[in-house]
Amino acid sequence: MAASGREHVLSLYRLLLKESKKFPSYNYRTYALRRVRDAFRENRTVEDPKVVEELLNRARDSLALIQRQVSIRLAWGHQRAEKSKKF
């Protein structure tokens, strides 16, 4: 893998970890972190460019999913906090 490709993969990996750490729930957070680490560790020896590109696309999709879920969880938690103040 070219250096720029390696840097891109590492950047995506770091971003997935960063976003996963934003889950407010300990269980969701540790699950997401474990899945990201395991997936990258499992595929670290892949060299076929087509397979690497497919894995990168999956990682990008996962990143988008994590970002959506974090925003939903944070918004939902905020709404629950607001409702509990009313009582």
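View 1. Tyr-28 is partly exposed at 39% relative accessible area, where buried means under 20%, exposed over 50% and partly exposed in between (1.4 Å probe, protein chains only). This is a predicted model: local features need pLDDT of at least 70, side-chain atom pairs count only at pLDDT 80 or more, and totals for chains, interfaces and linings use all residues. Residue numbers start from 1 along each chain as its sequence is written, and side-chain values use heavy atoms, with hydrogens and water left out. Two rings get described by the distance of their centres and the angle of their planes. Here, Phe, Tyr and Trp rings (for Trp, the six-membered one) pair if their centres lie within 6.5 Å; planes under 30 degrees apart are stacked, over 60 edge-to-face, and the rest tilted. The count comes to two aromatic pairs. Phe-23 is buried, at 7% relative accessible area.

View 2. Tyr-13 belongs to helix α1 (residues 3–20) and Phe-40 to helix α2 (residues 26–42), so the pair ties together parts 27 residues apart in sequence. Helices here are DSSP runs (H or I, at least four residues), strands are E runs of at least two, and both are numbered from the N terminus. Tyr-13 is partly exposed, with 22% relative accessible area.

**View 3. Ser-20, tucked away in helix α1.** Ser-20 lies in helix α1 and is buried, at 0% relative accessibility. Its side chain reaches the backbone oxygen of Leu-16 at 2.8 Å. What does Ser-20 touch beyond its neighbours within four places in sequence? The list is Arg-29, Ala-32, Leu-33, Val-36 and Ile-66, with contact meaning heavy atoms within 4.5 Å.

View 4. Side chains of opposite charge can pair when their charged atoms come close. A salt bridge needs a side-chain nitrogen of Lys or Arg within 4 Å of a carboxyl oxygen of Asp or Glu, and the structure holds four. Among them is Glu-19 with Lys-22, whose closest N and O atoms are 3.1 Å apart. Glu-19 is buried at 8% relative accessibility, whereas Lys-22 is partly exposed at 40%. Another joins Arg-41 to Asp-38 at 3.3 Å, N to O. Arg-41 and Asp-38 both sit in helix α2, three residues apart, or about one turn of the helix. Asp-38 is partly exposed, at 36%. Arg-60 and Glu-53 also meet in a salt bridge, at 3.6 Å from N to O. Arg-60 is partly exposed at 32%, and Glu-53 is partly exposed at 39%.

**View 5. Stepping back to the whole chain.** The protein chain has three helices and zero strands, giving the pattern α-α-α along the sequence. Buried residues make up 18% of its 87 residues. Of the contacts with a separation of 6 or more, 63% come from residues 24 or more positions apart. The chain's accessible surface comes to about 6900 Å², with 53% of that belonging to carbon and sulfur atoms. Accessible areas come from the Shrake-Rupley method with a 1.4 Å probe; for residues, only the protein chains shown count as cover.

Note on methods: A polar contact is a pair of N or O atoms within 3.5 Å; within protein, one must be able to donate a hydrogen and the other to accept it, and residues adjacent in sequence count only if both atoms are side-chain atoms.
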